[in-house]
Amino acid sequence: MSGLSYRKDVEFLEECNPPLVERNAAEFRRLRDLLVQVEEPARRAETRTEWHSANSHTYTSRLKEARQLITHIAEGYDKAASALNAYALALTTAKTHYRDGKRSERALAALIGTKGTAITKVAQEAEPMRQWEDMRATTGVLDFFAELTMDVDDIRDEANRLHDAAGGSFHLAKTVEQEARSTCVHALKQAHELLPDFKMPGSAKRPDLYAAMADIRREAAEAATSPLAHLPGSGPKRR
């Protein structure tokens, strides 16, 4: 029957922990906040530093690259945090549907117990939904005790209702989790794509950031020893 699932399809939700997912999201958000704090000083360093030399353009371009890296990493972490928070919320909803399904399943099991007792291991281990499907069939396969003589007509309507309620809740839990997981994984992949690829020398077709840092270190060393290099408003350099 369409729109119905079984407990086995979603029993993994028992082990799912939405607060743990939220904790991971909070860590991504914390890192994003740290990067945002760095972004403004980096912007000021890029746009307000007055430095004239043969290599000042290199300094400016490197600062611009650094600020863009900070922005992209912050966006990636922010996107990851949002994706995980959304998934945690969906997990909470899915677990609620799962609990509703188990509640209907327990009621169905109690109702079935008034009519028959499973005598084989297969029948005993079958979910109540499966047990009822066998009991209401013309020819059962689970071998219930006294199956050939028991009359289930007086519980048929209520058992069918509980069967469909349990299966519907399990199906809702399955659908909510699957759709949320798919959306979350897609968003996490997008977040990962926002993060830069740091490559060591020798890597092809990627900016050689490691080598570029040597120029920045050399420029910084020259500025540190030059009496003419200082931040605007800081006055003459003092030793």
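How exposed is R161, as a relative accessible area? R161 is partly exposed, at 47%; buried means under 20% relative accessible area, exposed over 50%, and partly exposed in between, with a 1.4 Å probe and protein chains only.

**About the model.** This is a predicted model, in which local features need pLDDT of at least 70 and side-chain atom pairs count only at pLDDT 80 or more, while totals for chains, interfaces and linings use all residues. Residues are numbered from 1 along each chain as its sequence is written, and side-chain values use heavy atoms, with hydrogens and water left out. The protein chain has a mean pLDDT of 81 (pLDDT is the predictor's confidence in each residue, from 0 to 100), and 73% of its residues reach 70 or more. Helices are DSSP runs of H or I with at least four residues, numbered from the N terminus.

**View 1. Charged pairs within helix α6.** Here E158 and R161 meet in a salt bridge, with N to O at 2.8 Å. A salt bridge is a side-chain nitrogen of Lys or Arg within 4 Å of a carboxyl oxygen of Asp or Glu. E158 and R161 are three residues apart in helix α6, about one turn of the helix, and E158 is partly exposed at 35%.

View 2. The side chains of R7 and E105 form a salt bridge at 2.7 Å, N to O. This pair links distant parts of the chain, since R7 lies in α1 and E105 in α3, 98 residues apart. R7 is partly exposed, with 22% relative accessible area, and E105 is buried at 6%. The whole structure holds 10 salt bridges.

**View 3. W132 and the largest nonpolar core.** Within this core of 29 residues, L13, L108 and W132 touch the most other members. A nonpolar core is a set of buried Ala, Val, Leu, Ile, Met, Phe, Trp, Tyr and Cys residues joined through side-chain atoms within 4.5 Å. Helix α3 gives the largest share, 11 residues. Leaving aside residues up to four places away in sequence, W132 is in contact (heavy atoms within 4.5 Å) with residues including L108, I112, V152 and H163.

**View 4. Two aromatic pairs.** The structure holds two such pairs; rings of Phe, Tyr and Trp (its six-membered ring) pair if their centres lie within 6.5 Å, with planes under 30 degrees apart counted as stacked, over 60 as edge-to-face and the rest as tilted. F28 and Y77 have ring centres 5.7 Å apart and planes at 50°, so this pair is tilted. F28 belongs to helix α2 and Y77 to helix α3, so the pair ties together parts 49 residues apart in sequence. F28 is partly exposed at 27%, and Y77 is partly exposed at 22%. The rings of Y98 and F170 are tilted too, with centres 5.9 Å apart and planes at 45°. Y98 is buried at 5%, and F170 is buried at 0%.

Definitions and conventions. Helices (H or I, at least four residues) and strands (E, at least two) are DSSP runs, numbered from the N terminus.
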